[in-house]
Amino acid sequence: MNSMVVAVSSVTIIATACAALLCIASKVMYVHVDERLEKIQEALPGSNCGACGYAGCSGYAEALISGEGVKSNLCPPGGEDAINRISEILGIEPEEAIFIIAVVRCGGNQTARQSKMSYEGIQTCYAAKQVFGGESACAYGCMGFGDCVAVCPDDAICMDDGLARVNRKLCRGCGMCIKVCPNKIIAMEDGRRKTFIACSNLEKAAQARKKCTNCCFGCGKCMRECPEKAITVENNLAKIDYEKCTDCGHCAETCPTKCVHEFNREPVS
């Protein structure tokens with residue numbers, strides 16, 4: 001009987017001691033969680049695309065409440081709704097929404113591009129890239145299997161004649177397509193701009209034109225005729241300075257291969 005009393009007493013004492021230690025630890029090791037954090041996370045779309053420059057929506061939310069002056073308009077998929085909700089939570093003035101969309105810097109459809117081989121493997125851009133760079137002779141162009149289509153959360157990309165096309169009305173600028181494109185031909189651009197260069201080939205004219213008839217071959221005609229001097233040719237490829245460009249569209253009209261596109265003329269799904 002005495003041994004049972006001793007055992008029960010010992011367990012009771014140990015349990016009481018552990019409970020006391022846990023209570024002390026909870027006070028000493030308590031980490032205050034800003035209640036705004038959860039509210040901001042709820043205001044964000046939850047796509048964790050990384051377009052804001054942080055490690056997902058939670059990372060951006062933590063940055064916003066850090067007091068380091070992080071802007072509230074860094075989430076393109078969230079749009080104005082997210083900006084307004086975040087601004088209300090933080091008690092700040094809403095900032096202007098950033099309207100960016102994905103742009104496919106390639107015009108090499110099946111008619112224009114040349115093939116160097118016939119690829120019959122796994123039908124993804126990533127897999128084809130592992131086999132001598134894919135079937136297209138141009139190493140800078142769209143591979144045509146639609147990895148970008150598969151990851152787009154907004155169904156804003158489709159394949160048309162072997163070439164990825166972006167529907168700018170649906171694109172929210174999350175940047176998921178950029179991450180999966182093995183040739184890195186997709187870029188995020190200011191959606192208010194109309195003109196862009198639909199080519200990424202850096203080869204000299206003779207080589208580039210053998211591989212794709214829609215390529216930019218660095219002739220410089222757009223550069224010479226641009227009234228705002230907003231175009232330069234670097235590494236055999238035209239480049240637009242959007243600080244100078246007024247979207248007059250003259251470059252698109254004069255380009256001999258029509259590789260300068262305008263959004264309002266670009267085919268969409």
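Helices (H or I, at least four residues) and strands (E, at least two) are DSSP runs, numbered from the N terminus. The model is predicted: local features need pLDDT of at least 70, side-chain atom pairs count only at pLDDT 80 or more, and totals for chains, interfaces and linings use all residues. Residues are numbered from 1 along each chain as its sequence is written, and side-chain values use heavy atoms, with hydrogens and water left out.

**View 1. Loop between α10 and β8.** Lys258 is found in the loop that runs between α10 (250-254) and β8 (260-262). Its phi is near 55°, a positive value in a residue other than glycine. Most residues other than glycine have a negative phi. With a relative accessible area of 44%, Lys258 is partly exposed; buried means under 20% relative accessible area, exposed over 50%, and partly exposed in between (1.4 Å probe, protein chains only).

**View 2. Loop between α6 and β2.** Asp155 lies between α6 (147-151) and β2. Although Asp155 is not a glycine, its phi is positive, at about 50°. Asp155 counts as exposed, at 61% relative accessibility.

View 3. Strands β2 (residues 157-160) and β3 (residues 163-166) pair in the antiparallel sense over four bridges; two strands pair if DSSP finds at least two bridges between them. Met159 has Ala164 of β3 as its bridge partner. Two residues separate the strands of this hairpin, and Asp161 in the turn has a positive phi of about 55°.

**View 4. Hairpin of β6 and β7.** Strand β6 (residues 231-234) pairs with β7 in the antiparallel sense, over four bridges. The bridge partner of Glu234 in β7 is Leu237. Two residues lie between β6 and β7 in the hairpin, where Asn235 in the turn has a positive phi of about 55°.

**View 5. The largest pocket.** About 230 Å³ of space lies in this pocket. On a 1 Å grid over the protein atoms alone, a cavity is a set of points where a 1.4 Å probe fits but cannot get out, and a pocket is an open set with protein on both sides within 12 Å along at least five of seven lines; lining residues have an atom within 4 Å of a point. Grid points are joined across faces, edges and corners, and a volume is the space filled by probe spheres set on the points. Strand β7 (residues 237-240) gives the most to the lining, with four residues. By class, the lining has seven nonpolar, one polar and four charged residues; Ala, Val, Leu, Ile, Met, Phe, Trp, Tyr, Cys and Pro count as nonpolar, Asp, Glu, Lys and Arg as charged, and the others, Gly among them, as polar.

**View 6. Helix α3 and its neighbours.** Seven of the nine residues of α3 (residues 56-64) are buried, so this helix is largely enclosed by the rest of the structure. The buried residues are Gly56, Cys57, Gly59, Tyr60, Ala61, Ala63 and Leu64. They pack against α2 (35-43) and α4 (79-90), where contact means heavy atoms within 4.5 Å.

**View 7. Asn84 in α4.** Asn84 lies in helix α4 and counts as partly exposed, at 40% relative accessibility. Asn84 and Ala97 are 13 residues apart in sequence and 9.6 Å apart in space, C-alpha to C-alpha.
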